[in-house]
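This report looks at how one chain packs. It takes up the core, a helix pair and a single side chain in turn.

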Amino acid sequence: LRARYLIACERIPEAMALIRSCINHPDISKDLYFHQALFTCLYMSPLEDQLFQEVLTDCKSGIEIICNTEKEGKTTLALQLCESFLVPQLQNGDMYCIWDLIFIWSKLQLKSNPSKQVFVDQCYQLLRIATNVRVIFPFMKVIKDEV
């Protein structure tokens, strides 16, 4: 509750210190809320680029955090979180969870900007950083379904 209060009051440095302490605790760190709260703090902080550096390694947990964030009505944050998981996957050529990430990303992208042309352009930009040619198939599917 204290972490939520600090985030709501926009006392981000204090919230981040508390959340990092909780994440470092062996029992509490298993609760995804604290990871989600950390991403929220990073998003609200002036150093948003840290978000991409401090991403969780487990994609399944990341997908759960993204979905929880979107359920809270934070579409922009959810989109940025999704991209923070998706971009490294594309750069590394890793296909683990890629279908789920691309599907979620496409829904969030269209929700934040319903323009079909912007959507196709964003897909193209992500495809340009992909190192695995097989990633084209999930992108083709979402483009076909959405456009």
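A nonpolar core is a set of buried Ala, Val, Leu, Ile, Met, Phe, Trp, Tyr and Cys residues joined through side-chain atoms within 4.5 Å. The model examined here is predicted.

The largest such core has 43 residues. Ile19, Ile66, Leu86, Leu101, Trp105 and Phe139 touch the most other members. At least two core residues come from each of α1, α2, α3, α5, α6, α7, α8 and α9. The largest share belongs to α6, with nine residues. Domain 1 (1–55) and domain 2 (60–146) both contribute, so the core lies between them.

Leu101 shows the packing residue by residue. Beyond residues up to four places away in sequence, Leu101 touches Cys59, Ile63, Ile66, Cys82, Phe85, Leu86 and Gln89.

Next comes the pair α7 and α9. Their axes are 9 Å apart and meet at an angle of about 35°. The crossing is right-handed. The table lists the residues that meet.

| Helix | Residues in the contact |
|---|---|
| α7 | Ile98, Trp99, Ile102, Phe103, Trp105, Ser106, Lys107, Leu110 |
| α9 | Phe137, Pro138, Phe139, Lys141, Val142, Glu146 |

By type, the residues of this contact are ten nonpolar, one polar and three charged.

Helix α7 also holds Gln109. Is Gln109 buried or exposed? Its relative accessibility is 5%, so Gln109 counts as buried, the cut-off being under 20%.

Key: Residues numbered from 1 in each chain as written. Predicted model: local features only at pLDDT ≥ 70, side-chain atom pairs only at ≥ 80, totals over all residues. Heavy atoms only, no water. Buried < 20%, exposed > 50% of the residue type's maximum accessible area, 1.4 Å probe, protein only. Helix = DSSP H or I, 4+ residues; strand = E, 2+ residues; numbered from the N terminus. Domains from an automatic or database assignment. Contact = heavy atoms within 4.5 Å. Axes fitted to C-alpha atoms, helices over the stretch in contact; angles between N-to-C directions. Left-handed = near helix turned anticlockwise from the far one by under 90°. Nonpolar A, V, L, I, M, F, W, Y, C, P; charged D, E, K, R; others polar.
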